[in-house]
Amino acid sequence: MSTFVGPSLGRSSANPAQSGYHLKQVNPSYASGYYWIKSAAMPNPLQMYVDMTLDGGGYDFYAFQGTGTSIGSYSATTHSGYAL
């Protein structure tokens, strides 16, 4: 995964966080917003919205349909063939 864990973690596709939860643990002062995430199961990083306040924070969301933070989801949605 990422070799850098400082203030640049999640700020670019070259240095993605493993998850929104990981991002919250490493940088608890980060505000809610869009960050680059790449789990071990993902073929490449995605920019996802991470909520840093709800119930302790660290929740990442990928919009399948809609705009902003209003989203709809599909249980069978994939990213380059990998289930999200």
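Two aromatic pairs are counted in this predicted model. Rings of Phe, Tyr and Trp (its six-membered ring) pair if their centres lie within 6.5 Å. Planes under 30 degrees apart count as stacked, over 60 as edge-to-face, and the rest as tilted. Tyr30 and Tyr35 form a stacked pair, with 5.1 Å centre to centre and 5 degrees between the planes. Tyr30 is buried at a relative accessible area of 8%. Tyr35 is buried too, at 4%. Buried means under 20% relative accessible area, exposed over 50%, and partly exposed in between, with a 1.4 Å probe and protein chains only.

The other pair joins Tyr34 and Tyr49. Because their planes stand at 70 degrees, with ring centres 5.4 Å apart, this pair is edge-to-face. Tyr34 lies in strand 1 and Tyr49 in strand 2, so the pair links distant parts of the chain, 15 residues apart. Tyr34 is partly exposed, with a relative accessible area of 47%.

The charged end of Arg11 sits over the Tyr30 ring, 4.2 Å from its centre. The rule for such a charge asks that NZ of Lys or CZ of Arg be within 6 Å of the ring centre and within 35 degrees of the ring normal.

Now the numbering and the ground rules. Residues are numbered from 1 along each chain as its sequence is written, and side-chain values use heavy atoms, with hydrogens and water left out. As the model is predicted, local features need pLDDT of at least 70 and side-chain atom pairs count only at pLDDT 80 or more, while totals for chains, interfaces and linings use all residues.

Next, the whole chain. From the N terminus, the order is α-β-β-β-β-β-β-β. Helices (H or I, at least four residues) and strands (E, at least two) are DSSP runs, numbered from the N terminus. Of the 84 residues in the protein chain, 29% are buried. The accessible surface comes to about 5100 Å², and carbon and sulfur atoms hold 54% of that surface. These areas come from the Shrake-Rupley method with a 1.4 Å probe; for residues, only the protein chains shown count as cover. Among contacts between residues at least 6 apart in sequence, 24% join residues at least 24 apart. Contact means heavy atoms within 4.5 Å.

Strand 2 (residues 46-51) runs antiparallel to strand 3, and three bridges join the two. Two strands pair if DSSP finds at least two bridges between them. Asp51 stands opposite Tyr59 in strand 3.

The loop between strand 2 and strand 3 holds Gly58. Gly58 counts as buried, at 9% relative accessibility. Which residues does Gly58 contact, leaving aside its neighbours within four places in sequence? They are Gly20, Tyr21, Lys24, Val50, Asp51 and Met52. Gly58 and Ser19 are 39 residues apart in sequence, with their C-alpha atoms 7.8 Å apart in space.

Finally, the helix. His22 belongs to helix 1 (residues 20-26). His22 is buried, with a relative accessible area of 17%. Not counting residues up to four places away in sequence, His22 touches Leu9 and Ala17.
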